[in-house]
Amino acid sequence: MTEEKETLTFDEVTEQVIQEISSKHYMSARNLLLACNEADIAEILEEVADTLGIEKTVAIFRMLPKDVSVEAFSFLDTDEQTAIIQAINDREISFILDELDFDDKIDVLEELPANIVDKILMETPKEERHLINTFLNYPDDCAGTLMTPEYVSLQKEMTVKQALSQIRKVGIDSETIYTCYVKSEGRKLIGIISLRSLVLADDDAIIEDLMNTDVVSVNVYDDQEDVAEVFKKYGYLAIPVVDSEHRIVGIITFDDILDVIEDEATEDIERMAGVMSGDDAGDEYLDIPVINHVKNRLPWLIFLTVSAMITGSIISAFQEVLSQVIILVSYLPLLMGSGGNSGSQAATLVIRGLAVGDISTKDYAKVLWKEARISLIVGVILSLFNMLKVVLIDQQPFMIGLTVGASQIIIVFCAKILGGLLPIAAKKVGVDPALMASPMISSISDMISVVTYMLMACMFLNITI
């Protein structure tokens, strides 16, 4: 079996597992799965569900050793977890939930139907049931929904020897043992100490003398995006979560925050593309119902349609200009396109800078100065290129080329300034900067492009409206 694992790629193992299950060779499929790690087992089980149906997935899942099945279960998507919970018996459900880390258990319970959650809580010890209900009642997307109460806590009066004994006692059930949290009476967080410091210190050393009192923490009601920023800034493996009285209530580990970063990045990408994800944020594309896709996309499409109507009205207002020099119409799409693209370039970079903390709302003047210089250089180069094209290739009069060229410089300048400053303005007033991406910038720059082009035509070609 070891030799087979070395020679088969992951895709080949997945295909072979599906073939074995299709042929009802469940033991062979089980043995193939056991040669993989738990994360890969979960991914293969999801492929089995997509290909053969959830019933086959449940069947092979129940054949796995209990310790393997619990670990694999924690890596499964919500749909597969829910289907498995609904298919197995109460004893199996209790075993899985008892063995899961507390934060994974909360994630599972949040996604399960209310009747199943009630059934599970009825069989849960009173103290744990109270703790679970507390976690389930935290608002969505706050630090409280990400944390786990399973951490190593120490007292400042302990010696290093006593602390290491405490870690051995409770470490098996803790999310991490690499950072320990020192509490005073009343559960107030007063310091942290690393396992490395404990191992290297003398046995008789006192925790109070070794601990770091400059503790970085987050509040239980802090937004998860703010928590992700704290992780990115400090690079910690875990960060304590405290309440309004600075009492530690749990910790958040980096593996949980990675999911948040992915979800937030997905949400920003969707908004930049004009998709309002809503309740489907983080869901896989194929799992979102068609009607939800329509709801998520239609508002922006309606907005863009209205903005296009406004642009069309502006063009209609200048139809006399266009009718006098009809060749101007052929260069309008070029100018509108370059304006939209220029603005989107600036907006994308500024939005990214705001997201990762490279740019703050106080940097608007620096952004304005930088984008102004960039736009002038880019605008002049594009202007010369288009003038040469209009005059030499299209054989149009020089004044037509000058009209296009001058318009190009102004349009690029305005678009890049808008693309640089609109996301900052949005951030300043509490709106997601990602909303100021391509759809919004393109719509505004189209209007500016038409007005600028028509005014330049009136100026250089002596056309009266």
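Does Q395 count as buried or exposed, and at what relative accessibility? At 62% relative accessibility, Q395 counts as exposed. Buried stands for under 20% relative accessible area, exposed for over 50%, and partly exposed for what is in between, with a 1.4 Å probe and protein chains only.

## Basis of the model

This is a predicted model, in which local features need pLDDT of at least 70, side-chain atom pairs count only at pLDDT 80 or more, and totals for chains, interfaces and linings use all residues. Residues are numbered from 1 along each chain as its sequence is written, and side-chain values use heavy atoms, with hydrogens and water left out.

## Two loop residues with positive phi

Q395 is not a glycine, yet its phi is positive, at about 60°. The residue is placed in the loop between α20 (364–393) and α21 (398–428). Helices (H or I, at least four residues) and strands (E, at least two) are DSSP runs, numbered from the N terminus.

K24, also a residue other than glycine, has a positive phi near 65°. The loop that holds K24 runs between α2 (10–22) and α3 (26–34). K24 counts as exposed, at 63% relative accessibility.

## Aromatic pairs and a charge over a ring

There are five aromatic pairs in the structure. Rings of Phe, Tyr and Trp (its six-membered ring) pair if their centres lie within 6.5 Å; planes under 30 degrees apart are stacked, over 60 edge-to-face, and the rest tilted. One of the pairs joins F135 and Y138 edge-to-face, with 5.9 Å centre to centre and 80° between the planes. F135 is buried, with a relative accessible area of 3%, and Y138 is buried at 13% relative accessibility. Y138 also forms an edge-to-face pair with Y221, at 5.9 Å centre to centre and 75° between the planes. Y138 lies in the loop between α11 (126–136) and β1 (153–155) and Y221 in the loop between β4 (218–219) and α15 (224–234), so this pair ties together parts that are 83 residues apart in sequence. Y221 counts as exposed, at 54% relative accessibility. Through ring pairs, F135, Y138 and Y221 are linked into a cluster.

Elsewhere, the charged end of K66 sits over the ring of F95, 4.9 Å from the ring centre. For this, NZ of Lys or CZ of Arg must be within 6 Å of the ring centre and within 35 degrees of the ring normal.

## The second largest pocket

The second largest pocket holds about 360 Å³ of space. A pocket is an open set of points on a 1 Å grid over the protein atoms alone, where a 1.4 Å probe fits, with protein on both sides within 12 Å along at least five of seven lines; lining residues have an atom within 4 Å of a point. Of the 21 lining residues, P149, Y151, R187, I248 and V249 are the closest to the pocket centre.

The elements that give two or more residues to this lining are α11 and β6 (248–253). The largest share, four residues, comes from α11.

## Annotated spans

The unreviewed UniProt entry places "domain: CBS" at residues 147–210 and 211–267. Residues 147–210 are 33% helix and 22% strand, and their end C-alpha atoms lie 26 Å apart. For residues 211–267, the span is 44% helix and 23% strand, with end C-alpha atoms 39 Å apart. UniProt positions follow the numbering used here, feature names are shortened, and annotations may be inferred rather than shown by experiment.

How values were computed:
Grid points are joined across faces, edges and corners, and a volume is the space filled by probe spheres set on the points.
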